[in-house]
Amino acid sequence: MLVDAGYQGLARDHPDQVSAPPLKPRPGASAELHAPWQSARKVQSSQRIPVEHAIAEHKWWRVLQRFTGRRELLPDTINAVAGLVSDRSSGLTW
C-alpha cells in the first residue's frame, strides 16, 4: 500500500505492507542526500496521483465536504456519492 507522509509510523511498523515516502533530509544536508530523496518522492507521488484524484473527486460533493449527519449514516452517504461519481466518470447520462 502506498501512503502519504502522514503515515510514516505505519510504514515503519509494517515495512512489508506499507510504503511511505522517504523522510526529508535535515536542513543543511548535502546535495548527495537531497537528490535521491527528491527522485524517490517524485516516483511515489507519480504512483499515488490517480488515487489522490479519485479521493478529491469524492470530496467535491458538498455533502462530503462538511458531513454533519449521524455517524452511522456516513457509510451509506459515501456509497451514494461513490455511485454518482462512478456514473459521472463512465459518461452515463440519464
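1. Let's start with the salt bridges: there are three of them, taking a salt bridge as a side-chain nitrogen of Lys or Arg within 4 Å of a carboxyl oxygen of Asp or Glu. Side chains of opposite charge can pair when their charged atoms come close. Keep in mind that this is a predicted model, where local features need pLDDT of at least 70 and side-chain atom pairs count only at pLDDT 80 or more, while totals for chains, interfaces and linings use all residues. Residues are numbered from 1 along each chain as its sequence is written, and side-chain values use heavy atoms, with hydrogens and water left out.

2. Have a look at R48 and E52, whose side chains meet at 1.9 Å, N to O. Both sit in helix α2 (residues 31–59), four residues apart, or about one turn of the helix; helices here are DSSP runs of H or I, at least four residues, numbered from the N terminus. R48 is buried at 12% relative accessibility, whereas E52 is partly exposed at 30% (buried is under 20% relative accessible area, exposed over 50%, partly exposed in between, with a 1.4 Å probe and protein chains only).

3. Next, D13 pairs with R12, with 3.6 Å between the closest N and O atoms. D13 is exposed at 51%, and R12 is exposed too, at 62%.

4. R70 bridges to E72, and here the closest N and O atoms are 2.7 Å apart. R70 counts as exposed, with 53% relative accessibility.

5. As for confidence, the protein chain has a mean pLDDT (the predictor's confidence in each residue, from 0 to 100) of 81, and 93% of its residues reach 70 or more. Where pLDDT is low, the predicted coordinates should not be read in detail.

Note on methods. Helix = DSSP H or I, 4+ residues; strand = E, 2+ residues; numbered from the N terminus.
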